[in-house]
Amino acid sequence: QTVGLLVTNTNGGKTDYIENTVVVAIRPRANFTTSVASSTPNGTRLVTFNNTSSSLDANPSATLALHTYSVNWGDGTPVQTGTGTPTLTHTYAAGGVYSVSLDMTNPVSGLSHNRTANVTVYIQPQASFTTSAAAYSPDAFAQPSYDFNASASTVSNDASGSLSYSWNFGAGASPASSTSVSPTGVVYASSGTKTVTLTVTNTNGNLTNVSTQNVVVAIKPKA
């Protein structure tokens, strides 16, 4: 930009004029939001990256569409670069807290601005359990008991992940529920098909997964 200065001596009206060139450099404002999509059990997590950066530069050669961006996803994958403010997606293979960094650069001034924010990725667990064969005891009036085992439930690729368990053994069960990984001695007082439900929770993020099985209970008569 050219800036001119005219100086006038009010006593006589003599003037002098000078011009200087001023280089105006405008820096963009980097900004973004992220959202984490639902995952499949023990699956990867897809993150949507919305580039909401802005610029006040009115130079037609420096529109926001011509600005360059550089995104570091914080997980060791290659930096992603381009122009404008497109919506990006990135897949994280493991749970954790990732420092995501965005640099926006004005193509005319060369000035950049950075914004960094944490993205937390949680992993959904996989619920799985086995059911023992029915065990009958004369002292239980021929009511069967069952043992259940959820040790096959897993949460993968989450160094901070741990599992909690919640059981519902269905109608007529005693006990009716449990929080043990492998509850034993569950007795049914009535015959029929019982729906056993296991809910497994990854305590790192509280994501859950549910597994159900039908148990056919037969009551033996007591002679």
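These are my notebook entries on a predicted model of one protein chain.

**Ground rules.** Residues are numbered from 1 along each chain as its sequence is written, and side-chain values use heavy atoms, with hydrogens and water left out. Because the model is predicted, local features need pLDDT of at least 70 and side-chain atom pairs count only at pLDDT 80 or more, while totals for chains, interfaces and linings use all residues.

**Overall form.** I began with secondary structure and found zero helices and 19 strands in the chain. Helices (H or I, at least four residues) and strands (E, at least two) are DSSP runs, numbered from the N terminus. The radius of gyration is 33 Å, well over the 17 Å from the globule rule for 223 residues, so the chain is more spread out than a compact globule. That radius is taken over C-alpha atoms, and the rule is 2.2 Å times the number of residues to the power 0.38. I then looked up the span of the C-alpha trace along its principal axes, which is about 130 × 35 × 25 Å.

**Burial and contacts.** Buried residues account for 30% of the 223 in the chain; buried means under 20% relative accessible area, exposed over 50%, and partly exposed in between (1.4 Å probe, protein chains only). For contacts between residues at least 6 apart in sequence, 53% join residues at least 24 apart, where contact means heavy atoms within 4.5 Å.

**The four-strand sheet.** Next I traced an open, antiparallel sheet of four strands in the order S16-S14-S18-S19. Its edge strands are S16 and S19, each pairing on one side only. Two strands pair if DSSP finds at least two bridges between them. S14 (residues 163-168) and S16 run antiparallel and are joined by two bridges, and asparagine 168 stands opposite serine 177 in S16.

**Serine 166.** I stopped at this residue of strand S14. Serine 166 is partly exposed, at 39% relative accessibility. Leaving out residues up to four places away in sequence, serine 166 touches Ser178, Thr197, Leu198 and Thr199. From serine 166 to threonine 201 I noted 35 residues in sequence and 8.3 Å in space, C-alpha to C-alpha.

**Strands S4 and S7.** This pair is antiparallel, with six bridges. Threonine 48 stands opposite threonine 89 in S7.

For context, most residues other than glycine have a negative phi, and most peptide bonds are trans. I looked for exceptions and found that asparagine 42, although not a glycine, has a positive phi of about 60°. Asparagine 42 sits in the loop between strand S3 (32-36) and strand S4 (45-51) and is partly exposed, with a relative accessible area of 21%. Asparagine 206 also has a positive phi of about 60° without being a glycine. The loop holding asparagine 206 runs between strand S18 (192-202) and strand S19 (207-217), and asparagine 206 counts as exposed at 57% relative accessibility.

My last entry is the peptide bond from serine 174 to proline 175, which is cis, with omega near 0°. Proline 175 belongs to the loop between strand S15 (173-174) and strand S16 (177-178).
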